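Subject: Structure handover and findings

Dear colleague,

Please find below the structure that I am handing over to you. My findings follow directly after it.

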Amino acid sequence: MTPSPSATLGKLLTGRGSRQGLWLLPLLITVAMILWLAATTSQFSQWSNLANLVAQGMPLLITAVGQMFVVLVGGLDLSIGSVVSFTTAILALDLPTGITIPGVFIFAALIGATNGYCVTRLNVHPIVATLATQYVVLGITRVLRPVSGGSVPEVVRWAVDGSVAGIPFPVFWGIVTILIAWKLLYGSRYGLHLFAIGGGVASGSTDAARNFGIPASRNILLAYVVCSLFAALAGVFLAGRIVSGDPNVGLFMELDAITAVAIGGTQLSGGVGSLHGTIVGVAVLALLSNGMNLLNITPFVQTAIKGILLMAVVALQSRKKIGL
């Protein structure tokens with residue numbers, strides 16, 4: 001029996017039965033926010049504000065894309081904010097860039113591997129495991145740089161502030177990030193395995209993927225490594241933007257990333273989600289922040305509003321399935 005148009009539209013808007021989750025409704029919200037901000041604030045449509053909006057949202061895009069890999073397998077990574085702060089601190093230590101840039105990515109991979117090992121081998125809950133590494137990395141960062149300061153290498157600043165043919169470099173950061181994630185999720189067997197593993201976790205059959213010959217533990221561990229590497233990439237971008245090291249710059253970034261992923265329709269229980277949904281989720285949060293800045297809403301109120309938004313999004317998902 002062919003479903004009626006209204007039933008099809010309802011299915012698209014609610015994401016029922018789709019492996020991509022609910023992302024069309026947030027997209028409509030994004031369009032509505034753009035139209036409302038353009039109509040109510042004269043600054044929103046200015047080129048300088050739009051360029052600033054892209055640069056402001058880029059760290060969130062990079063960290064949210066990384067966070068999505070972990071969420072797809074039913075996990076969460078709370079350590080990425082500390083990895084971002086650590087990266088800016090290292091890049092501002094006035095050491096050769098040939099050492100610092102590879103060094104931050106190696107360190108991030110080690111943190112991700114530690115998270116993945118604790119989750120898969122020691123059977124520690126992802127929140128507890130990544131919260132522990134969050135504190136460890138934050139402690140190391142504050143030892144290296146107790147307060148913000150230092151100078152970021154010129155090449156990093158150029159890679160963030162430069163432009164080509166009038167297009168600011170942050171746009172290319174976003175394109176590269178999306179292409180890498182797209183290749184991993186949709187152009188490789190690894191991405192297919194992530195969805196399969198997450199689907200098993202969400203249905204309560206944690207061994208389902210393993211029974212089909214998928215190396216679940218290895219793929220989950222790799223998801224945490226990928227997540228940390230994206231966080232280090234976001235840290236490099238932020239270092240070039242703030243041109244200094246800051247032990248607190250990554251504070252709450254993990255929650256923003258989780259919120260963006262959840263808004264984009266990715267189920268926190270795993271197995272359901274999409275890259276384009278995550279991009280839409282980032283757009284919603286970036287527009288919300290930009291709009292509140294234009295309306296002169298204080299950062300404290302903005303943080304509270306984001307917290308309420310996260311609570312509302314999570315409340316729409318089954319707590320039993322999420323495992324919180």
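This is a predicted model: local features need pLDDT of at least 70, side-chain atom pairs count only at pLDDT 80 or more; totals for chains, interfaces and linings use all residues.

Residues are numbered from 1 along each chain as its sequence is written, and side-chain values use heavy atoms, with hydrogens and water left out.

Helices are DSSP runs (H or I, at least four residues), numbered from the N terminus. Helix α8 covers residues 169-186, and its end C-alpha atoms lie 26 Å apart, in agreement with the 26 Å that its 18 residues should span at 1.5 Å a residue. The expected span is 1.5 Å times one less than the number of residues. Buried positions (under 20% relative accessible area; exposed is over 50%, partly exposed in between; 1.4 Å probe, protein chains only) in α8 are F169, P170, W173, G174, T177, A181 and L185. Seen down the axis of α8, these buried residues fall within an arc of 155 degrees (taken from the directions from the helix axis to the C-beta atoms), so they line one face of the helix. An α-helix has 3.6 residues a turn, so residues three or four places apart point the same way. Exposed residues L179 and K183 sit on the face of α8 turned away from its buried side.

Helix α9 (residues 189-202) has 14 residues and reaches 20 Å from its first C-alpha to its last, close to the 20 Å expected at 1.5 Å a residue. Among its buried residues are Y190, H193, L194, F195 and I197. Just after α9, G204 takes a positive phi of about 90 degrees.

Nonpolar core

A nonpolar core is a set of buried Ala, Val, Leu, Ile, Met, Phe, Trp, Tyr and Cys residues joined through side-chain atoms within 4.5 Å. The largest one has 76 residues, and those with the most contacts inside it are V65, F69, W173, L185, L194, I197 and F230. Helix α11 (residues 216-242) gives the most to this core, with 14 residues. Leaving aside residues up to four places away in sequence, W173 touches M58, I62, A159, V160, L233, V236 and F237; contact means heavy atoms within 4.5 Å.

Largest pocket

On a 1 Å grid over the protein atoms alone, a pocket is an open set of points where a 1.4 Å probe fits, with protein on both sides within 12 Å along at least five of seven lines, and lining residues have an atom within 4 Å of a point. The largest pocket has a volume of about 910 Å³, the volume being the space filled by probe spheres set on the points. Its lining comprises 28 residues, of which L251, M253, D256, S289 and K306 lie nearest the centre. The largest share of the lining, seven residues, comes from α14.

Single residues

S82, in helix α4 (residues 80-91), counts as buried at 5% relative accessibility. N123 has a positive phi of about 60 degrees although it is not a glycine; N123 is found in the loop between α5 (97-120) and α6 (126-144) and counts as exposed at 67% relative accessibility. V243, in the loop between α11 and α12, also has a positive phi, near 50 degrees.

Yours sincerely

Note on methods: Helices (H or I, at least four residues) and strands (E, at least two) are DSSP runs, numbered from the N terminus.
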